Amino acid sequence: MREDQDRPEADDRDGTATLLPLVPTQQSLLHYAERPFLLTLEAPERPSAIADRLRRVLEDVPALRMRLREVPGMRAPRQAPDTVRMHNGPQDVVEIASGALTLRLEPSSSGSRLRLTGDWGMVDPISLRALVAAAAGGQAPDADQSERFAAIVTAYAQMAKEGELTEEDAYWRRVPSRSGHDPLHLAEAADGASRPRIAVLELDSDIGSSLCSVAQKWEVAADDVAYLALSAVLCRLSAEPLLGRVCDARPTLGLEGHIGAFSQILPDVPELAPEQPLRDAIRSQSERLAGHVAMAGGAALHSAGPRPALVFEPGDGWRLPPGWRSEEWCLGVHQAVTLRLASRDGRPVLEAGSLHARTGERLQALLEAWHNALTAILADPDGTCGQTTLLSPARTAVLRETLDVPVSGKPGDLCALVHEHAAQGPEKVAFAAGTRRVTRRELRQRIARTVTALGDTPPGSVVGVLADNSLDLLVGWLSVLWLNATVLPLSPEEPRKRLKDALENTKAAILLHQGGLAEIAAALHPRAIDLSQGPDGSARPPERCRPDDLAYLMRTSGSTGTPKIVAVTRGNLDNYLDGIARDLHIGERVMPWVAAPIFDAGLKQFLGPQYAGGTTTLLDVQRTDLGGVAEELAAYETAFDLNCVPSYWSALLDEFAAEAEPPLARLLLGGEPVSPRLLERTAERFPHTEVWNLYGPTEATATATAGRVAPDRAIDVGAGVAGAHVVVADRWASPLPEGFPGEVWLAGPGVARGYLEDGVVVPFGTMSVGGREIPAYRTGDLGLLSGGRLRLSGRKDRQVKIRGWRVDPQELEMVAERLTGTRATVLVSDRGEAALHLFYTGAIASEEMTAHLRRELPAAFMPTVTRVAAFPHTPTGKLDEQRLLTMMEHAAQVDPERDYSPAERVVARVWLELLGTDWPSPEADFFTVGGHSLALARVVSILRAEGHDRLTLKAAVRDPTIKAMARLLDTPGS
């Protein structure tokens with residue numbers, strides 16, 4: 001039979017000890033797996049004298065000898081006093097153990113070194129101080145009072161059982177209910193080794209005197225000023241700040257002077273705003289903490305609630321007699337850091353303690369940030385919370401000067417360089433595709449023809465370029481830039497409505513199009529020009545341009561349902577091409593052009609070589625024909641580089657024949673996260689290939705950082721390239737020190753002019769650094785800097801990267817809700833690769849919703865589509881995302897023998913093999929059941945390898961359903 005949890009006491013099985021319940025303060029501490037303290041003292045006496053006093057005190061005071069006891073049938077552990085065990089070792093070493101407490105005395109140059117360790121859930125800091133005072137020859141705890149410990153604990157536990165702490169319990173359940181974010185990722189640092197590490201930062205004497213002065217001015221303790229600075233650090237790092245504060249519950253419980261474990265961690269949620277005056281903040285803090293202290297003694301931490309990762313211990317605490325000195329003091333907490341303002345040799349210090357060695361490198365950085373925030377408060381106590389920057393003034397000044405200094409050297413103009421290369425080496429190859437070669441002279445002639453066809457197009461005019469990867473696309477870009485006009489990249493794979501919207505929103509004056517797209521182009525724009533035709537023109541030099549003139553407009557996903565249009569200048573583009581030539585050596589080796597025409601990663605692939613005087617190389621097969629790409633690359637005889645998104649490379653890896661040995665010198669990955677497994681697979685297949693990880697949003701001109709990565713080290717995205725500066729900022733948009741996580745900002749010559757809105761370019765904004773406003777782009781990506789390299793950790797919003805495309809799920813929701821009576825939500829799942837899933841309610845059939853989305857969205861943005869009767873919710877009222885995803889998985893109930901023709905079964909089996917889904921409907925769109933263009937190319941490749949030659953990728957893209965593809969199979973019944 002299970003014993004009652006709150007039974008006051010019971011006999012131990014061996015009859016030697018009394019079992020006592022844990023009081024609420026102890027129960028709350030049990031939610032931390034470990035709670036060790038470490039105290040090291042230097043004393044002027046010999047070990048034997050101190051050991052005798054310690055032994056007598058421990059024998060007289062059972063409350064100092066408590067240990068946890070697990071008892072069968074009890075729902076919670078009990079505590080019981082232990083015996084005192086004393087061991088005299090060689091060379092005057094004495095060890096004493098009793099309950100949770102262990103003491104070691106050994107001789108030292110000054111007399112003795114005393115090391116005390118234990119569980120402060122059993123022997124709390126107040127009780128430990130009483131023991132140390134007695135060890136130093138001071139007054140020992142009152143033995144009579146200590147004998148009442150069992151009665152006190154029993155009464156306290158009974159009080160909690162009878163509901164006398166209901167008010168306290170309700171209070172503490174409210175305090176941390178919205179918090180729990182671990183801004184320093186301390187929980188990740190646990191390595192299973194409890195080795196207390198203490199970091200110390202000594203404060204200047206003038207800071208110490210200022211601290212006392214400000215504390216007196218505000219009528220608070222110095223600890224409270226330090227705690228305000230610590231609160232500012234946390235509020236800058238987290239939208240849900242949660243601090244812990246060690247509190248002695250004795251005064252609240254009326255137990256002052258009693259020995260026992262009555263200390264606890266009180267959770268605190270500071271709420272500071274940048275514009276809030278410091279005086280108001282300290283006043284609010286005092287009132288809030290007073291309310292916490294009034295509720296001390298209750299179960300302040302709950303098993304279901306969050307636990308503070310930063311815990312402040314107020315008070316120096318160790319009042320030692322002459323000759324005694326405290327060397328180390330660490331109040332340990334599992335997966336957290338304890339901090340305090342202390343005094344060493346009469347000087348104020350900040351201390352941080354951790355149980356885990358892997359947090360060691362972070363402790364000093366944390367102390368420095370705390371010190372900087374405290375210094376800022378003391379410098380102007382009449383200021384606001386926003387002045388509490390975590391960078392020191394010296395580092396802020398260095399950062400300000402770094403960001404404000406222009407990049408040395410002026411990059412060359414792309415068109416002027418192309419013109420110069422053609423003059424200097426007219427017969428050198430400028431463009432290659434399979435066996436086709438186009439010289440610089442021929443390229444220059446093609447540009448001249450298109451420039452002539454463009455006629456008197458004014459500088460600054462927007463010109464659409466509609467083409468797939470081809471010589472036409474390269475000529476189109478260079479021709480528009482030649483006239484100092486602005487390129488609007490368009491892809492034939494985009495829905496016509498999206499193309500038309502882009503042309504109208506940018507007020508494009510002309511549409512250049514690839515040969516064979518005349519019918520589409522004519523329907524999109526009244527002035528359409530075929531890039532493959534046109535009159536001969538004279539090879540006039542390019543128009544002069546200024547760095548601020550626009551080079552191109554690139555569209556990105558937007559939360560309003562309409563793509564954002566990024567305005568990139570000539571200065572941005574030329575700086576980028578010059579930077580990647582210098583930093584990434586683009587143009588020195590062949591780099592096949594595999595990026596989509598509207599993906600700015602392709603700039604380095606087709607414009608980079610032209611800038612550097614190299615050759616733009618186009619594969620002879622379509623980029624989505626993975627088998628053909630792998631076969632063509634394997635036939636290369638000279639070393640080459642490859643730049644693509646990780647998902648493309650992952651699929652391509654599977655296509656290389658076992659005996660193929662393509663001379664891949666360098667692999668440049670970017671556009672989406674790189675997985676450790678992909679690096680391992682790459683190293684296994686291409687052990688001598690350099691692998692680089694690139695990062696950069698469109699707003700920063702394609703690439704901002706780059707660095708080599710390897711399977712045996714943490715994955716990052718390297719350091720800035722092309723003059724880019726990376727700054728990680730806090731929630732109040734102030735720069736953070738290295739090692740602190742925050743939002744990534746980018747500055748430097750790569751930051752585009754802004755977003756095009758109603759024909760006007762609106763700048764992104766600025767970052768304030770040391771009183772100076774620096775143009776910068778706030779990426780929304782989260783990360784931290786370590787050794788100058790950027791390590792990313794997700795997004796602060798809902799945006800995701802899908803095969804290199806930045807997608808805002810809200811755009812998809814807005815598009816879906818344009819259908820009357822529809823409510824939609826988009827979720828993201830990750831089963832090795834991110835996938836989008838749209839759920840909606842309303843009378844619209846799923847086929848109609850799919851057709852609507854295909855008219856509005858590029859194929860890369862297409863989600864799976866599931867209609868639901870209503871959105872499920874959790875008991876707390878939130879959308880039940882897991883249940884929605886489960887509903888999607890069980891939505892398709894197709895019987896393959898009944899619902900498919902023989903040819904449809906052939907197609908469906910290949911779909912299932914690649915996508916891992918249930919049997920889809922014969923009318924299901926490939927892109928709405930989790931497929932994408934690369935996977936569709938694999939489907940076509942597999943079916944063609946099985947002899948179905950009538951099926952082409954172009955036909956599959958035109959109508960990507962099982963039914964339509966089955967019609968083209970060479971199978972009876974198709």
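Helix H10 (residues 278-294) lies across strands E11 and E12, running at about 140° to E12. Helices (H or I, at least four residues) and strands (E, at least two) are DSSP runs numbered from the N terminus; axes are lines fitted to C-alpha atoms, for helices over the stretch in contact, and angles run from 0 to 180 degrees between N-to-C directions, where contact means heavy atoms within 4.5 Å. The model is predicted, with local features requiring pLDDT of at least 70 and side-chain atom pairs counting only at pLDDT 80 or more, whereas totals for chains, interfaces and linings use all residues. Residues are numbered from 1 along each chain as its sequence is written, and side-chain values use heavy atoms, leaving out hydrogens and water.

An open sheet of mixed pairing is formed by six strands in the order E10-E16-E15-E13-E11-E12; two strands pair if DSSP finds at least two bridges between them. Strand E10 (197-202) and strand E12 (263-268) are the edge strands, each pairing on one side only. From one strand to the next, the twist averages 30°. Strands E11 (residues 243-248) and E13 (residues 310-312) run parallel and are joined by three bridges. Leu243 has Leu310 of E13 as its bridge partner.

The structure holds zero disulfides, a disulfide being a pair of cysteine sulfur atoms within 2.5 Å. For Cys545, the closest cysteine sulfur, in Cys415, is 7.2 Å from its own sulfur and therefore too far for a bond. Cys545 counts as partly exposed because its relative accessibility is 25%; buried means under 20% relative accessible area, exposed over 50%, and partly exposed in between (1.4 Å probe, protein chains only). Cys212, at 43% relative accessibility, likewise counts as partly exposed.
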